[in-house]
Amino acid sequence: MQSSSDLLRGTQASIREVDAPEAAERRKAGATLLDVREQVEWDAGHIPGAVFIPRGVLEEQIEASIPDRDTPIVVYCRSGARSAYATKTLEQMGYRDVVNMAGGILAWDQHGLPIEAPANLTPAQQQRYSRHLLIPEVGSTGQVKLLESKVLLIGAGGLGAPAALYLAAAGVGTIGIVDFDVVEASNLQRQVIHSTERLGEKKVDSARTTIQALNPDVKVVTYDEALGPDNVERLIAGYDVILDGTDTFETRYLLNDAAVAAGIPVAHASVFRFEGQLTTFVPYEGPCYRCLYPTPPPPELAPGCSVAGVLGVVPGIMGMLQANEVLKVLLGIGDPLVGRLLLFDALDGSFSELRLARDPKCPICSDEARARRERGERVTAAVVGADQPFALGAFGAGGAAAGSAGGVR
């Protein structure tokens, strides 16, 4: 019967190993470093840019993280033992260019090679966000990034209410809320951040009370004012992402133009009765709101929920999807809905998607407009442009939308 030492030596003899300096050279040449230690070890310090998959779940997760079996991989652990077994496993799974780093991260550190400082989470935060910390795409580093992030919600209504709750629960460190309304009984069918005992209270104050009760880590900044031409630049300044819960086309155009100029991504959604639309605008990486709607539709095609009504869960669904988009943008993970318009139909439970393209003649985000902005020129466009006929623009091969969703508050 083989001892554990004999088994390790046999495994090491059957795989390729490199020392720490050679691993660093491979990393510089584009190889992927794979850390197979446990979460607590990763949190204590790891090699910058490494992919983290604990040895115990390697077989389950490796294909999702590194699908190409020709990818050069350098596997490491603390001292080189667990990573040796992991290297053998990867070879057996068909990965063709895998080496083990002898001596592990201890040897890496002894050679003075870079180690990313541990994320600074308190024990209470480690417990609160423990399910995030288990996800390699988030982990402690991502959680710290969320705690340091600032998100601005335009509106604490049907879209902003559920989004605020989940962004706060996720640990977004600063949440700004712009809203000038008060809580009314008709809001409570969908605006879940408010409650019956707060009828007549300012929505920003009601939202702050709920958020702070949910997560004291979150700083809530309130703006009891309407978004307009005179304050939009001031309100959005300093935020990393904006969540658009506005309910008029005029406000959406104002927000879009200011966000493009400031280089701030916007997670946009709108709803109408049983339907919702969702997309993410990232300046110059995809279309902006004016590319999607060069001119606004007439009021009869896009009435607000106070006129047309809305099924209460629809803004809840769309608001949570907006929060998901915000988290992806903040963490730099996944595939945000840039250049894509997601359509939701609550009656048949279906999602469909349209491709969007930047309008090369867009007065706000075109290359010409960007060049003018970089020269220090002020770039403006008509806020609404109601003198022009309504048209949908910026659609790719996916086709055009059947209509437009109104706002919800």
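Reply: The model is a predicted one.

Me: What makes a residue part of the lining of the second largest pocket, and which residues lie nearest its centre?

Reply: A lining residue must have an atom within 4 Å of a pocket point. For the second largest pocket, 16 residues form the lining, and Glu 233, Asp 257, Arg 378, Val 379 and Thr 380 lie nearest the centre. Helix H12 (232-236) and helix H13 (249-262) each supply at least two lining residues; H13 gives the most, with 5 residues.

Me: How is the lining of the second largest pocket divided by class?

Reply: It has 10 nonpolar, 1 polar and 5 charged residues. Asp, Glu, Lys and Arg count as charged, so Glu 233, Asp 257 and Arg 378, named among those nearest the centre, fall in the charged class.

Me: What is known of the largest pocket, and which helix gives the largest share of its lining?

Reply: The largest pocket contains about 420 Å³ of space. Its lining comprises 19 residues, with Trp 42, Ala 50, Pro 136, Glu 137 and Val 138 nearest the centre. Helix H9 (139-147) and strand E3 (51-52) each contribute at least two residues, and the largest share, 5 residues, comes from H9. By class, this lining has 8 nonpolar, 8 polar and 3 charged residues.

Me: Why is a set of residues called a nonpolar core, and which members of the largest one touch the most others?

Reply: The members must be buried residues of listed types, Leu, Ile and Val among them, joined through side-chain atoms within 4.5 Å. The largest core has 29 residues, and Leu 153, Leu 167, Ile 175, Ile 177, Ile 211 and Val 326 touch the most other members. As members, these six are therefore buried, that is, under 20% relative accessible area. Among the elements that each supply at least two residues are strand E6 (150-154), helix H10 (160-170) and helix H16; H10 gives the most, with 7 residues. A second, separate core of 25 residues includes Phe 249, Tyr 289, Leu 341 and Leu 343.

Me: What does Ile 175 touch?

Reply: Leaving aside residues up to four places away in sequence, its contacts include Val 151, Leu 153, Ala 164, Leu 167 and Val 220.

Me: How do you know that the length of H16 agrees with its number of residues?

Reply: At 1.5 Å a residue, the 19 residues of H16 (residues 313-331) should span 27 Å; the end C-alpha atoms are 27 Å apart, so the two agree. Gly 332, with a positive phi near 70°, follows H16.

Note on methods. Residues are numbered from 1 along each chain as its sequence is written. This is a predicted model: local features need pLDDT of at least 70, side-chain atom pairs count only at pLDDT 80 or more; totals for chains, interfaces and linings use all residues. Side-chain values use heavy atoms; hydrogens and water are left out. Helices (H or I, at least four residues) and strands (E, at least two) are DSSP runs, numbered from the N terminus. The expected span of a helix is 1.5 Å times one less than its number of residues. Buried means under 20% relative accessible area, exposed over 50%, partly exposed in between (1.4 Å probe, protein chains only). Contact means heavy atoms within 4.5 Å. On a 1 Å grid over the protein atoms alone, a cavity is a set of points where a 1.4 Å probe fits but cannot get out, and a pocket is an open set with protein on both sides within 12 Å along at least five of seven lines; lining residues have an atom within 4 Å of a point. Grid points are joined across faces, edges and corners, and a volume is the space filled by probe spheres set on the points.
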